[in-house]
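Hi everyone, thanks for coming. Please take a look at the picture I'm putting up, and then we'll walk through it together.

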Amino acid sequence: MLRILLTIVLPLALWVWAFIDCLVAPEDEVRHLPKPIWLIIVLLFPPLGPIAWLAAGKRRGFLRTGAPDGKPGRPADGGPAGPGGARGGRPPAPDDDPEFLASLGNGSLKGNDKDHEDMLKQWEADLRRRERELRGGDEPEDGRKS
């Protein structure tokens, strides 16, 4: 059983994974050869093709560091990271986006609290008015039964 795993299943899984990884890799992350050539190498030369792709074909996450200008998600060679500044062109998460964090000023939260309080008071007044309408004047305003 172990022999089958090591000689058939593991190389096949490596081959499929490397082919899909090569197929979906962005052009700016492919190194040394054009992407179509890498696809041919991975397809025609198992298991050496997938191993070569994993070792030398694509920039990996551990090679990506901050650029000298301090922006995160930039490649180590200083090239562009794509439209959102993050790996793969995805926008950064809100807690990693300095512009978003700067827009959360301390004063804006206090203004929002005041707005919420006013809205709550309006809702309570509306609720009291609706309760009075439903009662139809049968009960006194303070809510006690006579």
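Predicted model: local features only at pLDDT ≥ 70, side-chain atom pairs only at ≥ 80, totals over all residues.

Residues are numbered from 1 along each chain as its sequence is written, and side-chain values use heavy atoms, with hydrogens and water left out.

Now the overall layout. Helices (H or I, at least four residues) and strands (E, at least two) are DSSP runs, numbered from the N terminus. The chain has 146 residues, and 16% of them count as buried. Contact means heavy atoms within 4.5 Å.

Helix α3 can be read in a similar way. Gly 49, Pro 50, Trp 53 and Gly 57 are its buried residues. They cover an arc of only 100 degrees around the axis, which puts them on the same side of α3. Leu 48 and Ala 55, on the other side of α3, are exposed.

How do these two helices meet? α2 and α3 pack at an angle of about 140 degrees, with their axes 7 Å apart. The axes are lines fitted to C-alpha atoms, for helices over the stretch in contact, and angles run from 0 to 180 degrees between N-to-C directions. From α2, Trp 38, Ile 41 and Val 42 meet Gly 49, Pro 50, Ala 52, Trp 53, Ala 56 and Gly 57 in α3. Sorted by class, this contact has seven nonpolar, two polar and no charged residues. For those classes, Ala, Val, Leu, Ile, Met, Phe, Trp, Tyr, Cys and Pro count as nonpolar, Asp, Glu, Lys and Arg as charged, and the others, Gly among them, as polar.

Now, please find the two tryptophans in that contact, Trp 38 and Trp 53. How many aromatic pairs does a search of the whole structure find? It finds one. Trp 38 and Trp 53 form that pair, edge-to-face, at 5.6 Å centre to centre and with 70 degrees between the planes. For the cut-offs, rings of Phe, Tyr and Trp (its six-membered ring) pair if their centres lie within 6.5 Å; planes under 30 degrees apart count as stacked, over 60 as edge-to-face and the rest as tilted. The pair links distant parts of the chain, with Trp 38 in α2 (residues 35-44) and Trp 53 in α3 (residues 48-57), 15 residues apart. Trp 38 is buried at a relative accessible area of 5%, and Trp 53 is buried at 0%.

Both tryptophans also belong to the largest nonpolar core, which has eight residues: Ala 18, Cys 22, Ala 25, Val 30, Trp 38, Leu 39, Val 42 and Trp 53. A nonpolar core is a set of buried Ala, Val, Leu, Ile, Met, Phe, Trp, Tyr and Cys residues joined through side-chain atoms within 4.5 Å. Helices α1 (2-24) and α2 each supply at least two residues of this core, and α2 gives the most, with three. As background, nonpolar side chains tend to be buried together in soluble globular proteins.

What about α1? Asp 21 is found in this helix and is buried, with a relative accessible area of 11%. Leaving aside neighbours within four places in sequence, Asp 21 is in contact with Trp 53, Lys 58 and Arg 60. Leu 14 also lies in α1, but Leu 14 is partly exposed at 24%. Not counting residues up to four places away in sequence, Leu 14 touches Pro 50, Ile 51 and Leu 54.

One last stop: the loop between α1 and α2, where you'll find His 32. His 32 has a positive phi of about 70 degrees although it is not a glycine. Most residues other than glycine have a negative phi. At 63% relative accessibility, His 32 counts as exposed.

Definitions and conventions. Buried < 20%, exposed > 50% of the residue type's maximum accessible area, 1.4 Å probe, protein only. Arc of directions from axis to C-beta.
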